[in-house]
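Subject: Structure handover

Hi,

Here is the structure for you to look at. My notes follow below it.

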Amino acid sequence: AKTSGRNNAQFFTPELSIQASERLSIENELRHAIEREELCLYYQPRIATRSQKLVGIEALVRWQHPEKGLLSPIRFIPVAEESGLIIPLGNWILREACRQHIEWRGRGIGSIPVSVNLSALQLRDPGLLAMIDSTLRDTGMEASMLELELTESLLMEDVSKTIELLAAIRERGLKLSIDDFGTGYSSLNYLRRFPIDALKIDQSFIRGMLDDAQHLAITKAIIGIGQTLGLRVVAEGVEQDEELRVLTAAGCDEIQGYYFSRPLPAAEMAAWIANYGT
Ligand code: C2E
Ligand code: CA
Ligand code: CA
Ligand code: CA
């Protein structure tokens, strides 16, 4: 017990206190990042395997920090979730994605369905439906052009309440997909009951697929589950020709990944779309 007491003291290393203070400073700065217009959305295309057509784009948030440079969402989304800032941040993200869709449509770039990631906390926010409604109304976004990506973990918490909420979102005409599928704890029996449109296979399975028979088997099993339940299946993190070939042969519906494009700022995405065609 004595030695463990000494070991505990090692937790208070300067390194860890720097991490804690960095976290706090990120939280404080994040409060102002929206009003200072430091946040922006990058976009990544999703392509149908059979037709090779552009079928959608996913909005991925970035923070152009004045000193730290371009920050990945992995650096600040967890902080936003813990502090509750994800609610105003998530509102801004949804609104900006809709605004961008309308702008592109107006400029004749095309009417491209856009996907937005929703954090667990947003799904539990009693104001979510009202927020979606006012965003659609204010931006003039068509509900059917908007897809929300949810992770498995949060869906299993209060299943009947979740089903009700998802049904209300879908009644409005939005699409729903389960992100990072295969990494959480979805019960296949519940999955059947969820009113959703698509499954996105987590990229960790795609990454290992060519060298690891188990990853390939899981990928194929998810495609099979999707087909059985009548859901679109999307593979994420596709980088190589061979991965695309294997996924196409396995019947995967849609592909997202560096193979087609990295996530790009809006202007570069518009140029990419113009060049690729819709
Ligand atoms: P995600 O929703 O699973 O997004 C896919 C991530 O994989 C993105 O990372 C994307 O840049 C990356 N990616 C796409 N294709 C490839 C590929 O071929 N190879 C590799 N190695 N990576 C690829 P990103 O943009 O850093 O986002 C990380 C995570 O942060 C997202 O994972 C999502 O969970 C979260 N996130 C991003 N934007 C938002 C947002 O607006 N709201 C919320 N709540 N979370 C977000
Ligand atoms: Ca996603
Ligand atoms: Ca994902
Ligand atoms: Ca993820």
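Donors here are N, O and S atoms within 2.8 Å of the metal (3.2 Å for Na, K and Ca); water is not among the atoms, so sites may look incomplete. With that in mind, the protein donors of the calcium ion (ligand 4) are D180 (OD) and D180 (OD), at 2.8 to 3.1 Å.

Some ground rules. This is a predicted model, where local features need pLDDT of at least 70, side-chain atom pairs count only at pLDDT 80 or more, and totals for chains, interfaces and linings use all residues. Residues are numbered from 1 along each chain as its sequence is written, chains are lettered from A and ligands numbered from 1 in the order in which they are written, and side-chain values use heavy atoms, with hydrogens and water left out.

**The calcium ions**

D180 sits in strand β6. Strands (E, at least two residues) and helices (H or I, at least four) are DSSP runs, numbered from the N terminus. D180 also coordinates the calcium ion (ligand 3), which lies 4.0 Å from the calcium ion (ligand 4).

Which residues hold ligand 3? The donors are D179 (OD), D180 (OD), E236 (OE) and E236 (OE), at 2.2 to 2.9 Å. Their spacing in sequence is D-D-x55-E. D180 is in β6 and E236 in the loop between β8 (232-235) and α12 (241-249), so this pair ties together parts that are 56 residues apart in sequence.

The calcium ion (ligand 2) has E58 (OE), N117 (OD1), E149 (OE) and D179 (OD) as donors, at 2.2 to 2.3 Å. Along the chain they run E-x58-N-x31-E-x29-D. E58 belongs to strand β2 and E149 to strand β5 (residues 146-151), so the pair ties together parts 91 residues apart in sequence. Ligand 2 and ligand 3 are 4.2 Å apart, and D179 coordinates both.

**Ligand 1**

The space that ligand 1 takes is the largest pocket. A pocket is an open set of points on a 1 Å grid over the protein atoms alone, where a 1.4 Å probe fits, with protein on both sides within 12 Å along at least five of seven lines. A molecule sits in one if more than half of its atoms lie within 2 Å of its grid points.

Elements giving two or more residues to the shell are β2 (54-65), α3 (73-83), β6 (175-181) and α10 (203-208). β2 gives the largest share, four residues. Of the 23 residues around ligand 1, Q44, R62, Q203, E239 and Y258 come nearest; being near means a heavy atom within 4 Å.

Polar contacts are pairs of N or O atoms within 3.5 Å:

- Q203: a side-chain N or O atom is 2.6 Å from an oxygen atom of ligand 1.
- V61: a backbone N or O atom is 3.2 Å from a nitrogen atom of ligand 1.
- R207: a side-chain N or O atom is 3.5 Å from a nitrogen atom of ligand 1.

Best wishes

Methods:
Polar contact = N/O pair within 3.5 Å; in protein donor to acceptor, adjacent residues only side chain to side chain. 1 Å grid on protein atoms, 1.4 Å probe; cavity = no way out; pocket = protein on both sides within 12 Å on 5 of 7 lines; lining within 4 Å.
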